[in-house]
Every structure is written in structure tokens, then in C-alpha cells.
Amino acid sequence: MSDNHQLRDVFDAIADPTRRRLIQLLSEAEELPLHELTSQFEMGRTAVSKHLTILKEAGLIIDRKVGRETRFKLNAAPLQEIQDWVGFYSKFWSTNMLRLNQLLLEEEEE
Amino acid sequence: MSLTLNLDFQYTTTVEKLWTAITDPSKLAKWVMENNFKPEVGYQFQFRQKPTEYWDGIVEGEVLIVDEPNKLSYTWGTGAEKHTVVWTLQDLGDGKVNLHLEQTGISNPQALNGAKYGWTSMGGELEKLLAQ
């Protein structure tokens with residue numbers, strides 16, 4: 001598997017629907033403070049904070065302090081790992097079935 | 001919870017030729033990978049290809065069902081994924097054979113969607129190839 005130094009597996013990070021929603025919200029904005037994110041969910045800021053921490057551990061978000069508030073920003077790069085992994089399955093089967101068809105066509109010609 | 005993938009392909013060939021293509025190791029090497037496959041119940045085999053960053057290139061399996069030339073089943077294990085593959089061959093007449101794949105034990109929707117996407121886009125390619 002790929003060599004990464006994240007504290008948390010990116011697949012683990014996106015396994016939860018709240019965290020997927022957070023990624024989506026952050027993908028639509030440059031950066032957002034906690035209270036704006038919290039207003040989108042029927043849960044408290046502590047719960048949202050915990051999800052943000054998990055995303056941060058997977059390298060999917062970056063935070064910075066601006067005065068008294070913390071703002072969150074998406075870092076989509078680790079999602080590439082998921083893209084590559086899914087791509088393997090897709091490519092594996094499609095390539096193989098085309099090859100099978102080619103093999104059968106060649107045998108027909110012999 | 002595990003997921004199942006069901007897909008069908010039609011080939012212009014005979015059931016016997018398709019059976020050989022999915023059971024003979026030299027034929028399998030041409031469309032799957034290098035292997036030591038044998039269509040014998042209980043036989044343990046390996047498919048191998050060059051490792052990539054995301055995959056060690058090894059598939060390990062055991063033959064479960066050999067019903068020549070209609071049905072073949074084996075386990076298909078790679079990485080954390082342990083699947084069961086069932087191939088069903090059906091003569092459609094007019095020189096056409098349907099090949100059905102059932103793959104069970106897929107651990108998550110990403111793997112299922114990846115495989116489904118690949119097969120579906122391939123279906124179009126196959127049609128083009130057959131129309132030539």
C-alpha cells in the first residue's frame with residue numbers, strides 16, 4: 001500500500017456520513033468557521049468538532065486561528081488514494097473482459 | 001455486510017470454447033493473469049501479476065464448483081478482500097453464449113461501484129468490437 005504519514009486512514013475518515021457532508025460543505029467554500037459548519041447539523045459543536053478532528057488526522061482538512069475563531073479548509077489531496085484504489089477495480093475488470101473477448105475472436109479465426 | 005455484483009456478457013463463440021477460456025491456465029494467462037489454475041474442486045491456486053503501489057499483485061483462491069461446461073466457482077482473495085466468483089455459461093443459440101458473473105463478499109460500496117463502472121463502460125466497448 002502507499003506510504004503515508006497520516007495519523008488516520010483516509011478510508012476510515014470518509015466512512016461516516018457526517019464527515020462526508022463536512023467534506024462537501026468545505027468543498028463549496030474557501031474556508032469556514034466552526035459555528036457555520038455546526039449550523040448545518042442537528043448535533044452540538046462538540047460532536048462536529050470531533051468529526052473535524054478525525055478529518056484533520058486523515059489530512060483532509062487544515063485549520064487556522066483567526067482571532068478567537070478557528071477556520072477550516074478542505075485539503076482534497078488524500079482523496080486521490082481512494083480514487084486510485086477504486087480505479088484499480090474498475091480497470092482490472094474492464095481490461096480483462098476485453099481481453100477475453102479478443103481471445104475468443106482470435107480462436108474463431110484460427 | 002457484504003455486497004454482490006451480478007453482470008452478464010455475450011460472446012460470439014461456443015460454450016465449450018468459452019469454458020476453455022475460463023479454465024485453461026494458458027488461456028487465463030492471456031486475459032486474467034499468470035496463474036497455476038486447475039478446474040478441480042478443492043485445488044488451491046494463485047493468480048499473479050507485477051505488484052503496483054496499491055496492490056501486491058497476488059490473488060489466491062480455491063476451486064469450489066466445477067460443472068463443465070456450465071458452471072465454475074472459486075474463491076478470490078486479494079488484500080483484505082475475500083470474494084467468491086461464480087461463472088455461469090449459457091448457450092443463447094445463433095452462435096452466442098452468455099457469460100454471467102456473480103461476485104459475492106465484496107466488503108464495501110467503493111469496490112462494488114468500481115467493478116460495476118468498469119464492466120459497464122466495457123459493455124459499450126465490447127458492443128463496438130462485435131459490430132466491426
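Accessible areas here come from the Shrake-Rupley method with a 1.4 Å probe, and for residues only the protein chains shown count as cover. With that in hand, hello everyone, and let me start with chain A: its accessible surface comes to about 6500 Å², and 49% of that belongs to carbon and sulfur atoms.

A word on where the values come from. This is a predicted model, in which local features need pLDDT of at least 70, side-chain atom pairs count only at pLDDT 80 or more, and totals for chains, interfaces and linings use all residues. Residues are numbered from 1 along each chain as its sequence is written, chains are lettered from A and ligands numbered from 1 in the order in which they are written, and side-chain values use heavy atoms, with hydrogens and water left out.

Let's walk through chain A. How many helices and strands does chain A have? There are 5 helices and 3 strands; helices (H or I, at least four residues) and strands (E, at least two) are DSSP runs, numbered from the N terminus. Along the sequence, the pattern of chain A reads α-α-β-α-α-β-β-α.

Of the 110 residues in chain A, 37% are buried.

The 3 strands of chain A form an open sheet in the order β1-β3-β2, with antiparallel pairing. Here two strands pair if DSSP finds at least two bridges between them. β1 and β2 of chain A are the edge strands, each pairing on one side only. β1(A) pairs with strand β3 of chain A, residues 69–74, in the antiparallel sense over 2 bridges. If you'd like a spot to look at, Pro33(A) has Arg71(A) in β3(A) as its bridge partner. Across β1, β2 and β3 of chain A lies α2(A), running at about 90° to β3(A). For that angle, axes are lines fitted to C-alpha atoms, for helices over the stretch in contact, and angles run from 0 to 180 degrees between N-to-C directions.

On to charges. Side chains of opposite charge can pair when their charged atoms come close. A salt bridge is a side-chain nitrogen of Lys or Arg within 4 Å of a carboxyl oxygen of Asp or Glu, and the whole structure holds 7 of them over all chains. One of them joins Arg8(A) and Asp12(A), with the closest N and O atoms 2.9 Å apart. Arg8(A) is partly exposed at 25% relative accessible area, and Asp12(A) is partly exposed at 34%.

Another salt bridge joins Arg64(A) to Glu31(A), at 2.6 Å between the closest N and O atoms. Why does this pair tie together parts that are 33 residues apart in sequence? Because Arg64(A) lies in strand β2 (residues 61–66) of chain A, while Glu31(A) is in the loop between α2 (17–27) and β1 (32–33) of chain A. Arg71(A), our bridge partner from the sheet, also meets Glu69(A) in a salt bridge, 3.0 Å from N to O. Salt bridges that share partners join Glu31(A), Arg64(A), Glu69(A) and Arg71(A) into one network.

Over in chain B, let's look at rings. Rings of Phe, Tyr and Trp (its six-membered ring) pair if their centres lie within 6.5 Å; planes under 30 degrees apart count as stacked, over 60 as edge-to-face and the rest as tilted. That gives 8 aromatic pairs over all chains. Phe37(B) and Phe47(B) form a tilted pair, 6.4 Å centre to centre with 35° between the planes. Buried or exposed? Phe37(B) is buried, at 2% relative accessible area, and Phe47(B) is buried at 0%. The rings of Phe47(B) and Trp76(B) have centres 5.7 Å apart and planes at 50°, so this pair is tilted. Ring pairs link Phe37(B), Phe45(B), Phe47(B), Tyr74(B) and Trp76(B) into a cluster.

Last, two backbone details. A cis peptide bond joins Glu68(B) and Pro69(B), with omega about -5°; Pro69(B) sits in the loop between β4 (58–67) and β5 of chain B. Asp94(B), a residue other than glycine, has a positive phi near 55°, and Asp94(B) is exposed, with 81% relative accessible area.

Technical notes. Buried < 20%, exposed > 50% of the residue type's maximum accessible area, 1.4 Å probe, protein only. Contact = heavy atoms within 4.5 Å.
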